[in-house]
Structures are given as structure tokens and as C-alpha cells.
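Trainee: I would like to learn how to read a ligand site in a model of this kind. Could you take me through one, step by step?

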Amino acid sequence: MSASVRVFASASSWIESAAVDQCHQVAALDGMRHVAGMPDLHPGKGAPIGAAMHSEVLYPVLVGSDIGCGIAVFPISLKRPVPEKLAGRFPDLDHSPAPDDPAWDFVGRDVPLGHLAGLGTVGRGNHFVELARVEPVGAGSPPAGPGSLVLIVHSGSRGLGESILREHTSQHGAGPAASPADYLKAHDEAVRWGSLNRRLMAARVARALGADPADPIVDECHNLVEWRDGGYLHRKGAANGDGRDVLIAGTRGTRSYLVRGHAGPEAGWSVAHGAGRKMSRSDALRRGRAKHTVEELRRTPVGSFVVCGDRQLLFEEAPTAYKKIEQVVGDLTEFGLATPLAATVPLVTYKTADRVRR
Ligand SMILES: Nc1nc2c(ncn2[C@@H]2O[C@H](COP(=O)(O)O)[C@@H](O)[C@H]2O)c(=O)[nH]1
Ligand SMILES: [Mn+2]
């Protein structure tokens, strides 16, 4: 018999039926107890994204390759935040910092598994580093004051997580972990690595913009598995919503939201992690090219600047490729899973180094 499935999306939220089908496929796996879909639910490669899956059996493919991917928020103090000028001062986050880069002093040299490859780099896809302004919403009391600036870093464990998943799938495909303890040992290191990676990038950017690095006020991972209530809770594109503050990312051209989660077992103790894609990358590229120039995409509707030397990525990750973040946050609020505390408005979003420096 299949496990229960519950999708936390209102009737006015658009959820692809393929994603709900994937939830039911996961629910039919051996040992599965419950699958919770978040309002940003969308189809992934073989398993849904935006889901918390509670099971007696550990399935590494339900976490995926980017083990430890998450979003951290760092306060940053800048005297005159002129987005156009600051965009040109972002460091090259496609390459690791030099061994003598002062950002290392802030994070130390205790690198999980000694894995240095790719450390301090953002990666591709929808990873980003964003300088944003905090705005109040409702009566919420934000962890960073209104008008203050933050760096939002979304990235994960890069090649490390990929190699951990590959080691599993090469022997067991989509099957359960043969030794959950062995998988979890490597997984936990990748989660630690992802967090260190976000801190190192934030320190690099802070230094490059002339600010002091700071510790994060929020750092929540949305791809991981943890032991919870006598079972393995797999989160794939779902953040810990159990009393934590979480940044739910919107897009580079819209607000994102800081929320306080209060989700229970029915929701897999989780909240959404983003707006969620509504268009495939190829559709976003095709439609975007017909509608926009590259220059248009480098400025967003909120007046922010986008650092992205890769034209294809600019189109694939256009704000129009995503669902409405206000709908996602509205659903979480309506279902009693989270309370919005503040919004962030992008000033500069870094995706990949610009070939033409401003
Ligand atoms: N504030 C920004 N949010 C963004 C940007 N690009 C994507 N996104 C959002 O992040 C989530 C992350 O999804 P994941 O499944 O890869 O972890 C995504 O759903 C979007 O809503 C951006 O440039 N700035
Ligand atoms: Mn992610």
C-alpha cells in the first residue's frame, strides 16, 4: 500500500500534474510513510522538487546530487550601495579564492573531507549570490532591520555531493542505501561543506565590496536527509520549517521572503525553498529570445543588475521562468506552515563572471 501524499498548494496555485505523479511514485516506494509537497512543487529528474519524504528506508536519489544545497543570509554594511558600481566589484566566484585570499581567515581551514576542489565557487544553474535590501512585510519583526542590506547565497556541495551520489548509484541505482550509516557519514560532510562554501563566498564578496564579513543570520539547507520521528526525512527542495527562520528565494527580478516556519509532521516539518520553476530551461530560452535582448535581461524589473557572462543562462534563469513567489508564501501562510518576517529586494545578482567588466 502506498504512503499518504499531501500537497500544500491552494486551488489557485498551478502545480504540474507530473510533479504530483512523482509524489505518488515516491509514495509507492518500500518503507515510505508520507510525502509532503510544498507550494513550489515541480517535477525533478525522477523525483519531485519541493517535497519532504518521510520513510523507514533511506533513498539517496531522493536527496539528489547537490547534497547540502541551501540558502544563507549574511548581513552586510555598505556606505553607498550603488548597484551598478557594486556589480562591477563582485569577485570571480567561478574560481576558488587564492590560498592567500583574506576570506579564508574568516572561515578557517577545516575543510570537510579535505575536499578543496570548487570550494568558494557558486556553480551553475539557479545558484546565485545576491546583494539585497531588506523590506518589512506585515507586522513581522525581521532578523535584519528594514533598509539594511544582506547577501543571499544559494549554493551547495558542488562536485563533492555529485561524487557521493555517483558512488551510490553506480552500485545500487535508485535503490536504498546499502549502509545508511556509510551514506550518512559522507552526506553529513557534504552538508557541512555546502555551509562552509556559502560562508566563504559571502566573505569573498563582503571583502571585495569593502565590507567586513559576518556570520549568517539564516543558513538552511534544502537538499538533505535527517533522522526524524523514527524515520529518514528526505528533503528535496524543501527547507526545515520546524521553528527556523528560512529565506524562500523568489527570482533575481522579484522579492524573496524571510519566513519563520512552524510546520508539523503532515508537512514533513518543512517549508518551501523557492518560487519553483514553471518553465523548462529550453522553453525559457526559446521564449526569452523571442521577447528580450540580453541587455534587457541584465537589468531587472526592480532595477537591479545581473552579473552573468553566460547569455544562455541569462535566458534560462529569467524571472519569467519561475512561479510567483507571493503565491508560494501566501499558500504557506494560509496552511499555517510559515509566517513572513521580511522581504528582500535584489540590488545585484551574481550568476557567473561577466566577460565584459563594467
Ligand atoms: N533571489 C533569487 N532567487 C532565485 C534566483 N534564481 C533562482 N531563484 C530561486 O531559487 C530557488 C532555488 O531552487 P533550487 O531548486 O535550485 O534549490 C528557485 O526555485 C527560485 O525560486 C535568483 O537569481 N535570485
Ligand atoms: Mn538549491
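Mentor: Let us start with the location, keeping in mind that this is a predicted model: ligand 1 sits in the largest pocket.

Trainee: Which residues are the closest to ligand 1?

Mentor: A residue is counted as near a molecule if one of its heavy atoms lies within 4 Å of it. Here 17 residues surround ligand 1, and the closest are Asn126, Glu130, Gly250, His273 and Ala275. By class, the shell around ligand 1 is made up of four nonpolar, ten polar and three charged residues.

Trainee: What polar contacts does ligand 1 have with Gly250, Thr251 and Ser256?

Mentor: A polar contact is a pair of N or O atoms within 3.5 Å. An oxygen atom of ligand 1 lies 2.6 Å from a backbone N or O atom of Gly250, while a nitrogen atom of ligand 1 is 3.4 Å from a polar backbone atom of Thr251. With Ser256 the side chain takes part, one of its N or O atoms being 3.1 Å from a nitrogen atom of ligand 1. As for cover, ligand 1 has 520 Å² of accessible area on its own, and the protein covers 94% of it.

Trainee: Which residues does UniProt list under "binding site"?

Mentor: Such annotations may be inferred rather than shown by experiment. In an unreviewed entry, UniProt lists His154 and His222 for "binding site"; although these are spread over 69 residues of sequence, they cluster in space, with a largest C-alpha distance of 10.2 Å. The lining of the largest pocket takes in both His154 and His222, and His154 is found in strand 6, residues 149-155.

A further "binding site" set in the unreviewed UniProt entry includes Asn126, Glu130, Ser256, His273 and Ala275, and the lining of the largest pocket includes these residues of that set.

Trainee: Where is Asn126 placed?

Mentor: Asn126 is in the loop between helix 3 (103-107) and strand 5 (128-136).

Methods:
Residues numbered from 1 in each chain as written. Chains lettered and ligands numbered in written order. Predicted model: local features only at pLDDT ≥ 70, side-chain atom pairs only at ≥ 80, totals over all residues. Heavy atoms only, no water. Polar contact = N/O pair within 3.5 Å; in protein donor to acceptor, adjacent residues only side chain to side chain. Areas by Shrake-Rupley, 256 points an atom, 1.4 Å probe, with all protein chains shown as cover. 1 Å grid on protein atoms, 1.4 Å probe; cavity = no way out; pocket = protein on both sides within 12 Å on 5 of 7 lines; lining within 4 Å. Sits in = over half its atoms within 2 Å of the grid points. Nonpolar A, V, L, I, M, F, W, Y, C, P; charged D, E, K, R; others polar. Helix = DSSP H or I, 4+ residues; strand = E, 2+ residues; numbered from the N terminus.
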